[in-house]
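Subject: Model handover

Hello,

Here is the model we talked about. My notes follow below it.

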Amino acid sequence: MTNEKYTDGAGQATATPSSHNVSHTSSPPSHHNSREPLPLWRKLYNIVTWTPPNCRWDPEKPPKFSMGLNVLFAFAGAFTVANLYYNHPILNILAKDFGVAYEKVAQIPTVMQAGYAAGLLFLCPLGDLFPRRPFVLILVFFTANMWLGLCITTNFAVFTGISFITAITTVTPQLMLPLVGDLAPPNRRAAALSIVVSGFMLGILVARVLSGTISNFVSWRYVYWMSLGLQYAIFILLWLFMPNYPSTNPAGLNYFKMLWSILVMLTKHPVLVQACIISFFTASTFTGFWTTLTFLLSGAPYHYDPVVIGLFGLIGIAAMCTGPVYAHIVTDKYVPLMSVIVGELCSLLGICLGTYLGAFTVAGPVLEAFLIDFGMQTAQIANRSSIYAIEPKGRNRVNTAFMVATFCGQLMGTAAGNHIYAQGGWVRSGSASVGFIGAALVFCAIRGPYETRWVGWKGGWMLRKRVVGSADGHTAEQERHQLPPNAEVDVEVGAEEKVLEEMAAEEVTSSGDEKRASDAEKGDDRSGKSISQESLGEIRPAKL
C-alpha cells in the first residue's frame, strides 16, 4: 500500500498507515475519556467490516483474480445456495417432528423461494451502490446468526418465518458473480464465471444428498447445525481473503431510481433481453425435468426408493467438471452466442433421449440428467459473459434482470411440469420441454452475435471473437480497477489502439528529422515529437 489516502468506494476516506500509528501511540484527547463505550452492535459492525491489509484496495496495485479466490467464491456460493435446498428431502421428517400436516410443511420450500426472489429483486441491485466486501460479509454474518434459530426452535411458525428471512439474505452468491465479472480479465471471464456457477450447482445437488443421507441416521437438526458451521466458516474465509473492491457508483444512487433503471436497461440493450428470454425457457426445462423425475423413478417400471432417486443428482457433477473446461477452451475464444446454441442443442438432445427412452430404460434419464445440466450451464455462462459487457457500472442490476427471468422460468417449469405430468405422464411433460428449448433456439436465431439492433444478423456470422480479449467478441472493455482514482476513460472500441499507432509512427518520423525535433522543443504541437511511454497515460484520446 502507498502512504497516500484512498477511499473504500463508499466515499469514506481511510486513514494512512502513518495515521494509524499516531492514533495508537498518542494519548487520546481529554474529551474522549468522557465518551460512552460503543454499543455491542457497533463493535460487531466494526469487526465484520474491518478489512485486513492484504485485502485493502490499492489503485496502484489492484488485486489479481487468482484461482484460489475463484475457488473460494465457488465454495462460498455452493454452501450458501445449499441453504435453500436442505429441507427438500426431509419434509416428511419435519412434518412429523413439528406435528403438522404434510401439506403445511410443504410450504417451507415455497416460502424460501419467495424470500430468495425478494432478495434478488431488492438486495442484489444494492451491489451497484455499496462496496461488495462489507455488504456480502454483513449478509453472510446475519444469515449465520439467524440460522441458529432454525437449529433450536420447536415452533413451526417461527421455523417458517426464519426460513423466509434467511432466504432473503442468501442472495450473496448473486453479488459474487458480478464481482467476478469486475475482477476477472475479460478474456478469462467465462472460465472464471463457470467455476463459480459450477459451485452453485454443486451446492444444490450436495444439499439434497447430504440432507437425505444424514437424516436417515440421525436427527434432521444435525443437518442444520452442519450448515451453521459452514456459514461461519464461509464468513471467516471471506473476511480473510475477499478483496475490498470499491463501489462502482461512489457518488451514490437513488434506490428507487436504481430499481427503475433495471427496466430502462431492458429497453436499451437487446442482448440483455435476448439472454433473459433464452434463460427463461432453458431454466423451465431444467426444473421441469428434476421435478417430474421423482414421479417417473418411483413408479413402474423402476420403483426406486428415495435414496436411489436422490443419487441421480450426482450425475450433474460430471457436467460441472466439464463446464469450466468448455468455457476456457470455447466460450472464452468464440462469440457467446455460439456457446448458447451449443448448450441449447445439448439440452434438446438430452430431453429427447430422456423423454422417449425413459419409459423403457433408465439410460434415458441418466443421459438427460447429464446433458441438460451441461447445456444449461454452458448457455448460462455464455449469456452472462455477454451481458456483463454492456453496463460495467451496473453489473449487479444486469445480473438482477437476468436472474429474475431465470427464476420465473424455474417457477414456470415446476408448475407446468407437475400439471402436464398429472394430465399426460412422462412423455407429454418431456414433449413440453422440447417445445421450450425450441422457443429458446428461435430467440437465438433472430439476432446475430454482432447485431446492434433488436432483430437481424448485421455484422456477419464470424464465430471467433473479432476483438481478442473481449468478453462478448466485439466490445473492448477498459479494466477500470487498474486505473488511478478519478481517472477518466473515454475511449471507444479500437480508438486507443489507433491513437497509439499514430504516436508510434510520429516517434519514428521524429527520430530522423532534426528540424521537427527542434520544433518540438519550441512547443510546436504539430511537430513529430518523441513521446515517452510514461506520457501515454496522460493523453486522453478523443472519441473517434
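For the surface, a patch is made of residues with over 30% relative accessible area and no salt bridge, where like charges are joined within 9 Å and nonpolar side chains (Val, Leu, Ile, Met, Phe, Trp, Tyr) within 5 Å. A salt bridge is a side-chain nitrogen of Lys or Arg within 4 Å of a carboxyl oxygen of Asp or Glu. Accessible areas come from the Shrake-Rupley method with a 1.4 Å probe, and for residues only the protein chains shown count as cover.

This is a predicted model, in which local features need pLDDT of at least 70 and side-chain atom pairs count only at pLDDT 80 or more, while totals for chains, interfaces and linings use all residues. Residues are numbered from 1 along each chain as its sequence is written, and side-chain values use heavy atoms, with hydrogens and water left out.

One nonpolar surface patch consists of L202, V307, L311, L314 and I317, which together have about 360 Å² of accessible area. L311 sits in helix α15 (helices, H or I of at least four residues, and strands, E of at least two, are DSSP runs numbered from the N terminus). L311 is partly exposed at 43% relative accessible area (buried is under 20%, exposed over 50%, partly exposed in between; 1.4 Å probe, protein chains only).

The loop between α14 (270-298) and α15 (306-311) holds H303. H303 has a positive phi, near 55 degrees, and is not a glycine. Most residues other than glycine have a negative phi. H303 is exposed, at 57%.

With a disulfide taken as a pair of cysteine sulfur atoms within 2.5 Å, the count is zero. For C276, the nearest cysteine sulfur is that of C408, 10.0 Å away. C276 is buried at 9%, and C346 is buried at 18%.

Regards
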